[in-house]
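Please read the following report with the model open beside it.

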Amino acid sequence: MSINNKSAQSRTFDAIVIGSGISGGWAAKEFTEKGLKTLVLERGRDVKHIKDYPTTSMFPWEFPHRNQVPRAIKEANPVISRCYAFNEDAQHFFVKDTEHPYGQPKPFDWIRGYQVGGKSLMWARQTQRWSDYDFEGPARDGFAVDWPIRYKDLAPWYSYVEKFVGISGNKDGLDHLPDGEFLPAMELNVVESFFQEAVKKNYADRHVIYARCAHLTQPQKVHLDQGRGQCQKRDMCQRGCPFGGYFSSNSSTLPWAEKTGNLTLRPFSVVHSIIYDEQKGKATGVRVVDTISKEMIEFYANVIFVNAAAVNTNLILLNSTSHRFPNGLGNDSGVLGKYFAFHNYRGHISAQVEGFRDMTTEGRRPTSAYIPRFRNVKKQETDFLRGYAAGFGAWRGSHVNTDGFGKDLKDQLFNREVDGWYVGSHMMGETIPKETNQLTLDPNRKDEWGIPQINIDVAYDDNDEKMLNDFFEQMTEMYTKAGFTNISTGDSKQAPGLDIHEMGGARMGKDPKTSILNEWNQMHACKNVFVTDGACMTSTSTQNPSLTYMALTARAVDHAVSELKKGEI
């Protein structure tokens, strides 16, 4: 008994964080800074900053396939091969299709990164705050449920997070896209600036701005203290940045947490379920399957944060059953796994630009321009709900004559002909959370760790189709007024999921009868369990969501620690 007690004691912590990605890394940082002994569980392998970025400084000719993924790998992995960053330089950071199968009643491209740092190593690094037009959207437009928070609740936490992360941006003065704590912005190029002025001239309610991003353009002391340096504009971010120029858990929050001496990081640990104690009326720990030994191990803590990314967080909660919660932990309302949503990235538009042939770009830039949402912002004005934002970029084209051999070919490659300018935009549409868009556990299939397979049953609807058509119409009009030519629109027809912005399933809300979490990201029915990743989202807005996850996490940890000190959880 003495040995068993010591064993249990060695597996007991003040806090357990499930997942080491963007939100999990922030939970680890906040708990350890506040003095709590914290266990971070990661299902994948360990990845140390710099040390485990094997391709970060490789030249194109050093890749066996010149950074192309061989056809055999693509054919064996049709889902992950559709991801824009799945190339030879970063394929080791992505989960292959066969490594963790899932059910698709309708097509869904689930893009995953199972390693310490998760997808924070490969994310697109776009960071925009939400406004009250986003938090009030469901209540105003009559869908989903009302958010239990507003912008004022999150604003100070946005600032807190932005200062530590390092966000490059401009003060744009838009009430529907609040300004933040910004480092200097990089420049728009000449054609992007031209379009910015053309839109300003032709529209009072539409704007083209610099796309705010998590890059250190002018590192402050807090960033240097993290061991991070200035962004070198290499445009190879998905490989892992040896300079720490962009934010990732690996370069920032996890090393910061480790320095406190309060962090225990355990990779190769697939969380099976959360342990609920019927007598105590709360969660007491988690069950983990060691991916190497396949041994089931239990770890214990007073507070548990679930940050496994939206789909896996829902999977864990649905699989955490007990006499008290037969349908999943905290699922008194019956909505766990339902009202799942995503962003619609199907629409693309391109055009050519006359003039500016005496101008070209120099160097590289890891971001672009951005068009904030302008449809249905302050009033309903279309036959669809909500709206879309758009990316915007301009570049100088070129072509190369590859005829000939030897010196002739070499000379032609070095003397490529420069074409005119081209522009392009992609849509970032808000989808409406619906009960029919849901995640369920397969009663018959289990994965190699003995955990039920997740089924992802999600589809576009008529609202999405109307929004897509409006994107084409409005952007065509804006391009035409700017004088662009050869305008071409395209629908990628891509399945949901390839946006990599899945949200919902364990949504926040005011009423325990219709939601899983309260205003503090805390379970209504199990007060010492919190969810602060994409699963917690009540709606999706149009902004990239990662900054909001980080702010919600910092805020929730602060509340959890306060409740722990008062003995409330």
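In this predicted model, Ile22, Ser23, Trp26, Ala27, Glu30 and Phe31 of helix α2 meet Ser546, Tyr549, Met550, Thr553, Ala554, Val557 and Val561 of helix α13, where contact means heavy atoms within 4.5 Å. By class, this contact of α2 with α13 has nine nonpolar, three polar and one charged residues; here Ala, Val, Leu, Ile, Met, Phe, Trp, Tyr, Cys and Pro count as nonpolar, Asp, Glu, Lys and Arg as charged, and the others, Gly among them, as polar.

The model is predicted, so local features need pLDDT of at least 70 and side-chain atom pairs count only at pLDDT 80 or more, while totals for chains, interfaces and linings use all residues. Residues are numbered from 1 along each chain as its sequence is written, and side-chain values use heavy atoms, with hydrogens and water left out.

Helix α2 covers residues 22-33 and helix α13 covers residues 546-565, and their axes come within 9 Å and cross at roughly 30°. Axes are lines fitted to C-alpha atoms, for helices over the stretch in contact, and angles run from 0 to 180 degrees between N-to-C directions. Helices (H or I, at least four residues) and strands (E, at least two) are DSSP runs, numbered from the N terminus. Because of their angle, α2 and α13 are roughly parallel to each other; angles under 35 degrees count as roughly parallel, over 145 as roughly antiparallel, 65 to 115 as roughly perpendicular and the rest as oblique.

Helix α2 also packs with α6, at an angle of about 100° and with the axes 13 Å apart, and these two helices are therefore roughly perpendicular to each other. In this second contact, Trp26, Lys29, Glu30 and Glu33 of α2 meet Tyr160, Val161, Phe164 and Val165 of α6, and the residues divide into five nonpolar, no polar and three charged.

Helix α6 itself (residues 151-165) has 15 residues and reaches 20 Å from its first C-alpha to its last, which is close to the 21 Å expected at 1.5 Å a residue, the expected span being 1.5 Å times one less than the number of residues. Its buried residues include Leu154, Trp157, Tyr158 and Phe164, where buried means under 20% relative accessible area, exposed over 50%, and partly exposed in between (1.4 Å probe, protein chains only). The buried residues of α6 pack against several elements, among them α2, α4, α9 and α13. Just after α6, glycine 166 takes a positive phi of about 90°.

**Single residues**

| Residue | Relative accessible area | Class |
|---|---|---|
| Glutamate 192 | 0% | buried |
| Valine 69 | 6% | buried |
| Aspartate 235 | 42% | partly exposed |
| Arginine 386 | 0% | buried |

Glutamate 192 is found in helix α7 (residues 190-202), and, leaving aside its neighbours within four places in sequence, glutamate 192 is in contact with Arg365, Ala369, Phe392, Gly393 and Ala394. Valine 69 has its place in the loop between β2 and α3, and the C-alpha atoms of valine 69 and phenylalanine 86, 17 residues apart along the chain, are separated by 7.8 Å.

Aspartate 235, in the loop between α8 and α9, has a phi near 60°, a positive value in a residue other than glycine. Arginine 386, in the loop between β13 and β14, likewise has a positive phi, of about 70°, although arginine 386 is not a glycine.
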